[in-house]
Amino acid sequence: LAPIIEAKPAEETVVAEEQVLKVSCQVTGKPKPRVIWYKGNQQLIHDKFEVLSNGDLLIKKTEQKDTGTYTCLAENKFGKVSASGKVMVRDKTRIDTKPIDSKVDYTNPVIFTCGASTDTMESKNLRIRWLKDGVEVKPSNRIFINGGVLTINETNSKDTGNYTCLAENGLDNATATASLEVKAIPDPPYNVSVKECLSTKATIEWKFDDKMSNFDVMIKFIVEYSTEFKPGVVTVDLSPYAKYSFRVRAINMMGTSEPSEPTSGWCETPMSVPDKNPENVHTDESYTGFLVVKWNRVEQIDHNGPNFRYVVEVQEQGTQELQIFEVNDYRITEKHIPVENIFRPYLIKVRSENQVGKATNDPVTYIGYSGEAPPLVVPENFELDPDVNITAISASFRWDPVDTSPELIRGEFSGYKIRFWKAGEKETTLHEHIISPESSSKKRKRRNSPDNKIRGTVANLPSYADIEADVVVINRKFESNGSNIVNFSTPEGVPGIVGFFKAAHRGSHHFSLKWGKPAKPNGIITGYQMAYQKISRLDVGPKIIAFEDLGPDEEEAELKGLDPDTQYRIYITARTAEGLGEEFYIDVKTISDVSQLATPVIQNVYPGDNNANVTWNMPTEKGGRFPQLYYIEYLKKDSTKWVRIDHPVESQNWGMLQHLEPGTQYEVRVVAMSHVNGVEQLGKEYTFMTAGIGAAKASFLSATWFIGMMVAIAVLILILVIVCIVKRNKGDNYPVQEKERLRGTYTDENPDHFDDYGKGDENGIKGSGSFDQEAEKVPLEEDVDSLDYGDDEGSKFNEDGSFIGQYGTAEKENETNVSSIV
C-alpha cells in the first residue's frame with residue numbers, strides 16, 4: 001500500500017519563540033512508510049527536531065530562525081508522497097514594567113502597574129489581565145482595571161495576597177507577580193466554643209493564627225454574649241435562669257475585628273431568686289380618686305426564674321391597713337388603686353418575685369400621694385395694680401391671697417396662674433403666666449405692702465389691643481375656677497418684623513426691593529426705615545440710612561448708587577408713633593458692572609390699519625447687560641423726527657404702536673434704557689407699512705407676482721414676432737408664377753432680369769412684399785423669365801412654376817440672416 005498522508009501540515013502555522021511546536025504529517029501505508037522532514041531543501045537532523053512515530057514533527061524550542069517552509073516526505077517500496085506547510089515564529093511576549101510589592105494601611109488605596117510588549121505582528125492582539133492568588137480579578141465599585149493599571153480603593157484585609165499581571169496575545173503569555181500586605185483590623189477568631197458552663201460563670205475558648213493579625217500587633221480579645229433576651233459584653237458574672245451564646249472579637253492597633261461565628265448551642269444557667277427590685281417608684285397625682293403607683297420595668301435577663309411578677313404594697317400614712325397587689329406581666333409598670341380620699345400620703349413598696357421566691361434585697365419604701373383635684377378656693381378682688389402703669393406689652397395685677405391648706409387646695413399648692421386673651425378671641429389667643437409660691441411670697445416681703453395682696457406682672461401682652469384677664473389657683477395637676485375678669489387696653493407699641501423682605505431685581509448699581517406689612521403691627525404703621533451695610537468677607541461696613549421715612553402704604557423701593565459685584569446687608573424696619581420696631585434684614589449681591597447695554601433686535605412687525613405689534617429679542621452679547629426699561633420709537637416716511645411712545649413697555653420682548661396712519665410706510669426701533677444711570681442703547685431700524693387702501697394699492701403695484709407676469713408677457717410677444725419673421729423668410733414653397741401674374745410682373749420671355757429683381761430684398765423676403773417700389777424699378781415682363789439661381793440643380797420648378805427643393809445659395813444666405821436676427 002503506497003504511503004498516504006492523512007493529516008497534512010497546516011498551510012500556515014504561527015507560533016511564538018520558546019514554544020514547543022508539533023507540525024502534523026500523519027501517514028499510513030504498507031509497509032510503514034519512512035518519514036523524512038525538510039526545511040526548504042535541507043533535511044532536519046538536529047536534536048531539537050524529533051520525528052514522532054505517527055510522522056508528526058516536534059520542534060522542542062522554537063526560535064526566529066525556525067521560520068520557513070516545512071515538507072514531510074513519506075515513502076515505501078510502493079511509492080512516496082509529500083506535503084508542505086509554512087511555519088512563522090514571532091517574538092515572545094515580555095513584561096517590560098513589573099508591578100512592585102506594596103504595604104498599605106487599610107482603607108488606603110494601592111496601584112499596581114504593568115507594561116508588556118510583543119511581536120509587532122501580534123501587538124493588536126496583546127491583552128493584560130490581573131489575577132489574585134491565581135483567580136482573575138473582577139472590577140467592582142472599588143476595584144478598577146485599565147489595561148496594565150490595577151487600582152484598589154479602600155483596601156481591607158481580604159485584599160492581602162499575590163497579584164499577577166498576565167500579558168497574552170493568543171500565541172504565548174508572560175507574567176509578573178507582586179505581593180500586597182494590607183495592615184488592617186484583625187480577622188475574626190474562629191472555632192469559638194464553651195469549655196465550661198456553670199451557674200454564674202463560663203469558660204470560653206477559640207483559635208486565632210498569627211497571620212490573622214493582618215501585620216499589626218495584637219492587643220486583646222473581647223468576649224461578647226447574647227442571651228435569648230438581648231446581646232451584651234461580658235463584664236459581670238452570668239445571670240441565673242438564662243441561655244447564653246458567645247462570640248469573640250480580636251483587637252490590634254488598627255482596630256476591632258468583625259465578630260466570630262457564635263458558639264453552637266446554649267450555655268444554660270440554673271434558676272434563682274431575682275437580684276433586683278424595680279427602680280424609680282413614684283406616684284402620679286393626675287387621677288382624682290386613685291392612687292397611681294409607677295416604676296421602671298425589670299428586664300427578662302434579671303428575672304432569674306419563671307413566673308416573674310411585681311408585688312405592690314401600699315399603706316396610707318397614719319393607718320395600719322396594708323394592701324398588697326400583684327402584677328404578673330413584667331411589661332406593665334403601673335398600678336391604679338381606687339381610693340376615697342384626695343391627695344393623701346402613702347407608704348409604697350414594689351418588689352420582684354419569681355417561682356423560686358422574693359428578691360434577695362428588701363425594696364426601698366417610697367412616699368407617694370393619691371390623686372389631686374381642682375382647688376376649692378378662688379382668688380378674690382383681682383384688679384390692675386394701681387401702682388404700676390400699663391405698657392404696650394406689660395401689665396401688673398394684684399389680688400387677695402387664698403387659704404393654701406391641703407384640704408382646700410386638694411393637692412400641692414403650686415401658686416397662681418394669670419390668664420389673658422384678646423377680647424372676644426379667648427379660644428385662639430389665650431396665654432398663661434404662672435406666679436409660683438416662692439415668687440409671690442418674695443414680692444410681698446420686698447414691697448412690705450400693708451394690704452397683704454398677691455401681685456404679678458405679665459410681660460408678653462399684645463400691643464394696641466383690648467385685653468381680658470383673670471387669675472386661678474393651681475396645684476401640681478389642676479387649677480381652680482377663674483376669678484373676676486379685668487378688662488383693659490394696651491397702648492400702641494413698636495411693630496414687629498415685616499411679613500417678608502426680598503430683592504425683586506438686582507442690578508449692578510441698584511436693588512429693586514419689596515416687603516410686606518408686619519404680621520404684628522402693634523399699632524398704626526406710620527412708615528418704614530431702610531438702611532444698608534456693605535459686606536466684604538467678614539468685615540461689615542457702617543450702617544447707612546437709605547430711606548428715613550418711607551410711606552406707610554409703600555411696599556417697594558429702589559436702592560441706588562451701589563457698587564457692582566458687592567455684597568450688601570439691607571435692613572427694613574416698620575415704625576409706629578412709638579418708634580421703630582424690630583429689624584429684618586437680607587443679604588444680597590449686586591451683579592457685575594458692564595459699560596454697555598445689550599442691543600434689542602426686532603424680529604418682526606405685525607401691522608394693522610393704525611397700529612402695529614413689534615416683537616424683539618435681547619442677544620446675550622459679551623460685555624452687554626439686560627436693561628430695565630424699553631421704549632419704542634417710530635419714524636414716518638418723508639419725516640425726520642423720531643416719535644417715542646409715552647410710557648415704557650412692561651414686557652421685555654414685545655410692545656404696541658398706536659395712532660398710526662393706514663397705508664403708510666414707517667421705520668421702527670427699540671430703545672433699551674437703564675433707569676439707574678439713564679444709559680440708552682438704540683436698536684436697529686425696521687421698515688414696515690401699515691394696512692389700508694393706500695397700502696393695498698402700493699402693494700399691488702409693487703408686488704413681485706405682478707412684475708413677473710408683465711415680464712413673461714413681454715418675452716412671449718418677442719418670441720411670437722421672431723417666429724413670424726422666420727416663417728416668412730422660408731417662403732413655404734409658394735407658386736411663383738401665380739403670384740407674379742397677380743402682380744403683373746411675370747413673363748416667359750424675359751428670364752434675363754430675374755437676378756435684378758431679387759437684389760432689392762430690403763425686407764428679407766426676396767421682394768415678394770415690396771409693393772411700395774417705384775414704377776421705374778418694377779422689372780419688365782421680358783426680364784422676369786431670366787431666373788439665375790446658380791449651379792444648384794436642386795433649384796428647379798414644378799409644372800406650376802413653384803420651386804422644387806430648397807432655394808439654393810440665396811436661401812442659405814437668408815437663413816443665416818434670420819439666425820443672426822434671432
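K276 and D302 pair up through their side chains in a salt bridge, with N and O 3.6 Å apart. This pair links distant parts of the chain: K276 sits in the loop between β27 (267–268) and β28 (282–284), while D302 sits in the loop between β29 (290–294) and β30 (309–316), 26 residues apart. A salt bridge here means a side-chain nitrogen of Lys or Arg within 4 Å of a carboxyl oxygen of Asp or Glu. K276 is partly exposed at 39% relative accessibility, whereas D302 is buried at 18%. "Buried" stands for under 20% relative accessible area, "exposed" for over 50%, and "partly exposed" for anything in between (1.4 Å probe, protein chains only).

Before going on, a word about what you are looking at. This is a predicted model, in which local features need pLDDT of at least 70 and side-chain atom pairs count only at pLDDT 80 or more, while totals for chains, interfaces and linings use all residues. Residues are numbered from 1 along each chain as its sequence is written, and side-chain values use heavy atoms, with hydrogens and water left out.

**The whole chain**

The chain has nine helices and 62 strands. Both are DSSP runs numbered from the N terminus: helices are H or I with at least four residues, and strands are E with at least two. Of its 822 residues, 39% count as buried. Contact means heavy atoms within 4.5 Å. Take the contacts between residues at least 6 apart in sequence, and 64% of them join residues at least 24 apart. The chain exposes about 47,000 Å², and carbon and sulfur atoms supply 49% of that. Those areas come from the Shrake-Rupley method with a 1.4 Å probe; for residues, only the protein chains shown count as cover.

Side chains of opposite charge can pair when their charged atoms come close. How many salt bridges are there by this rule? The count comes to 47.

| Salt bridge | N to O distance |
|---|---|
| K276 and D302 | 3.6 Å |
| D66 and K48 | 2.7 Å |
| R644 and E633 | 2.8 Å |

Look at D66 and K48, which meet in a salt bridge of 2.7 Å. D66 lies in the loop between β8 (57–59) and β9 (68–76) and K48 in the loop between β6 (42–43) and β7 (49–51), so the pair ties together parts 18 residues apart in sequence. D66 is buried at 3% relative accessibility, and K48 is buried too, at 13%.

Next come R644 and E633, whose closest N and O atoms are 2.8 Å apart. R644 belongs to strand β56 (residues 643–644) and E633 to strand β55 (residues 629–636), eleven residues apart. Are these two residues buried or partly exposed? R644 is partly exposed, at 30% relative accessibility, but E633 is buried, at 8%. Elsewhere, salt bridges that share partners join K417, R419, E432, D470 and E479 into one network.

**Two strand residues**

T283 is part of strand β28 and is buried, with a relative accessible area of 13%. Its side chain makes a polar contact of 2.7 Å with the side chain of E285. That term covers a pair of N or O atoms within 3.5 Å; within protein, one must be able to donate a hydrogen and the other to accept it, and residues adjacent in sequence count only if both atoms are side-chain atoms. A polar atom of the T283 side chain also lies 3.1 Å from the backbone nitrogen of Y369. Not counting residues up to four places away in sequence, T283 touches L291, V292, I348, G368 and Y369.

V311 sits in strand β30 and is buried at 5% relative accessibility. Leaving aside neighbours within four places in sequence, V311 is in contact with I324, F325, E326, K349, V350, R351 and E353.

**How confident is the model?**

The predictor's confidence in each residue is pLDDT, from 0 to 100. Its mean over the chain is 83, and 82% of the residues reach 70 or more. pLDDT stays under 50 over residues 742–822, for which the model has 105 contacts beyond four places in sequence. Where pLDDT is low, the predicted coordinates should not be read in detail.
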